[in-house]
Amino acid sequence: MHKTRNTGITLTKIGELEMEPDYISKMPPGILRHILMNVVKEDGDVAFFRLSLTCWLFHYVVCEASFRKEAHFAWLDSVVNWSAYSSDYKEMYRVPYKLTNCLS
C-alpha cells in the first residue's frame, strides 16, 4: 500500500523511502557532488557509509572512486598541517586509505 505525504515522497511503509524528493534527483550532479564533499570534509571518512545508505543517488556519488579519493584528501588536508612535516613524511602518510581484512 502506497501513501503520499505533502512532501511528495512516496512511502511504502512508514519510514521507508521509495524514492528521493524531486529536488534532489533534479539537482545538477556537480552541485550534489560539492555538497556531499563538504559533508565528508566536516564528518570525515565515516560520512561515506552514512551517505551511501541515504538514497541511491547519494550512494552512486560517494561510491565513485574519484569522489572517494578527492573527499578523503580534502578531509585529510583539513585536519593535518602538512607544511609542518617533511616531504618524505608527507609522501609516506598522505596516501589514499585502504581497507584490508585482519588475518588473525
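View 1. The model is predicted: local features need pLDDT of at least 70 and side-chain atom pairs count only at pLDDT 80 or more, while totals for chains, interfaces and linings use all residues. Residues are numbered from 1 along each chain as its sequence is written, and side-chain values use heavy atoms, with hydrogens and water left out. The side chain of R33 forms a salt bridge with that of E64, at 3.0 Å from N to O (a side-chain nitrogen of Lys or Arg within 4 Å of a carboxyl oxygen of Asp or Glu). This pair links distant parts of the chain, 31 residues apart: R33 belongs to helix α2 (residues 29-43), and E64 to the loop between α4 (56-62) and α5 (65-79). Helices are DSSP runs (H or I, at least four residues), numbered from the N terminus. E64 is also partly exposed, at 27% relative accessibility.

**View 2. The network around R33.** Salt bridges link R33, E64 and E70 in a network. In the whole structure, a search finds 4 salt bridges.

**View 3. The R94 and D77 pair.** In the salt bridge between R94 and D77, the closest N and O atoms are 2.8 Å apart. R94 lies in the segment after α6 (87-93) and D77 in helix α5, so the pair links distant parts of the chain, 17 residues apart. Both residues are partly exposed: the relative accessible area is 26% for R94 and 34% for D77.

**View 4. The R50 and D43 pair.** The side chains of R50 and D43 meet in a salt bridge, with 3.1 Å from N to O. R50 is partly exposed, at a relative accessible area of 46%, and D43 is partly exposed at 40%.

**View 5. The two sides of helix α3.** Helix α3 covers residues 47-54, and A47, F48, L51 and S52 are buried in it. Seen down the axis of α3, these buried residues fall within an arc of 125°, so they line one face of the helix; the arc is that of the directions from the helix axis to the C-beta atoms. An α-helix has 3.6 residues a turn, so residues three or four places apart point the same way. F49 and L53 are exposed on the other side of α3. The cover over the buried residues of α3 includes α2, α4 and α5.

Conventions
Buried means under 20% relative accessible area, exposed over 50%, partly exposed in between (1.4 Å probe, protein chains only). Contact means heavy atoms within 4.5 Å.
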